[in-house]
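Work through the exercises below with the sequence and coordinates open. Each task is followed by a solution in steps.

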Amino acid sequence: GYGVFPVDTAMITQLGSLKNPVARAATYINLYENMLAGQVISPARLAAVYQQVLGSESEELNLRLLTSQLSDIVWNYTLPANRSALANSVEKVTWQAMEAEPTPGKKKLLFRLYQNVALSQEARDRLYAIWNDQKAPIGVTLTEDDYTSLALALAVRDYPAEGILAKQLLRIKNPDRKKRLEFMMPALSGNVVERDQFFASLAQDSNREREAWVTAALGYLHHPL
């Protein structure tokens with residue numbers, strides 16, 4: 001079935017005791033749908049519940065779902081005034097879970113969540129050090145794409161280091177990936193005029209030929225930060 005199903009509120013506190021991974025996945029989805037509908041559970045409460053189970057979720061697909069939903073709650077369903085406190089909490093829990101996680105795939109999912117929600121100075125400095133030194137956390141494998149994603153994450157946060165995207169452009173060996181970053185750079189400019197010009201340029205069909213590039217650039221252009 002698809003929809004918003006009734007929730008036994010007692011189950012919320014017992015989420016970690018569900019042994020069947022499919023049952024847990026269904027529960028994550030249904031709790032999230034109820035949150036969106038404004039029923040049973042608030043975004044702040046769901047974020048707290050998800051942080052409790054983040055380090056104990058044994059199924060990689062479920063962890064992918066959890067990390068995606070938790071990132072959405074931080075950026076799309078938390079008021080700006082409350083976002084820093086929630087992001088700081090998620091940062092700490094996620095980094096601890098990542099360090100304790102032995103499985104490479106799950107470890108990388110947790111690192112991506114950390115990268116997505118990083119707001120504190122400590123988290124941003126840590127991401128910059130990883131990108132600048134090209135030294136991934138122990139047990140995490142980062143590709144050229146991952147380092148580009150890190151550079152973009154730092155740029156959207158206006159990290160105070162000169163030419164992050166320009167340096168990343170020089171590091172990229174793949175010509176298509178290089179063109180992708182060149183296309184996206186104006187959308188992440190610290191200059192609002194340059195960002196406006198990029199958006200206006202999309203009125204021309206020829207500038208929208210690479211649909212995936214346009215979608216990604218617009219995601220950064222309209223980022224809450």
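**Exercise 1. Burial and overall form**

What percentage of the 225 residues in the chain do buried residues make up? Then describe the extent and surface of the chain.

Solution. The model is predicted: local features need pLDDT of at least 70 and side-chain atom pairs count only at pLDDT 80 or more, while totals for chains, interfaces and linings use all residues. Residues are numbered from 1 along each chain as its sequence is written, and side-chain values use heavy atoms, with hydrogens and water left out.

Step 1. Apply the burial classes: buried is under 20% relative accessible area, exposed is over 50%, and partly exposed lies in between (1.4 Å probe, protein chains only). Buried residues account for 42% of the 225 residues.

Step 2. List the secondary structure, taking helices (H or I, at least four residues) and strands (E, at least two) as DSSP runs numbered from the N terminus. The chain has twelve helices and zero strands.

Step 3. Take the extent along the principal axes: the C-alpha atoms fill a box of roughly 50 × 40 × 30 Å.

Step 4. Compute the accessible area (Shrake-Rupley method, 1.4 Å probe; for residues, only the protein chains shown count as cover). The chain exposes about 12,000 Å², and carbon and sulfur atoms supply 53% of that area.

Step 5. Count contacts (heavy atoms within 4.5 Å). Among those between residues at least 6 apart in sequence, 60% join residues at least 24 apart.

**Exercise 2. Salt bridges**

How many salt bridges does a search of the whole structure find?

Solution. Step 1. The search returns nine salt bridges.

Step 1. Take Lys108 and Asp146, whose closest N and O atoms are 2.5 Å apart. This pair links distant parts of the chain, with Lys108 in helix H6 (residues 104-117) and Asp146 in helix H8 (residues 144-156), 38 residues apart. Both Lys108 and Asp146 are buried. Together with Arg112, the two residues are linked in a network of salt bridges.

Step 2. Take Arg177 and Asp145, which form a salt bridge at 3.2 Å, N to O. Arg177 belongs to helix H10 (residues 175-184) and Asp145 to helix H8, 32 residues apart, so distant parts of the chain are linked here. Arg177 is partly exposed at 35% relative accessible area, and Asp145 is partly exposed at 40%.

Step 3. Take Glu122 and Arg126, with closest N and O atoms 3.8 Å apart. They are separated by about one helical turn, because they lie four residues apart in helix H7 (residues 121-133). Glu122 counts as exposed because its relative accessibility is 52%, whereas Arg126, at 26%, counts as partly exposed.

**Exercise 3. A single residue**

Where does Ala48 lie, and how far apart in space are Ala48 and Asn76?

Solution. Step 1. Ala48 is in helix H3 (residues 43-53).

Step 1. With a relative accessible area of 33%, Ala48 is partly exposed.

Step 2. Ala48 and Asn76 are 16 Å apart, C-alpha to C-alpha, and 28 residues apart in sequence.

Conventions:
A salt bridge is a side-chain nitrogen of Lys or Arg within 4 Å of a carboxyl oxygen of Asp or Glu.
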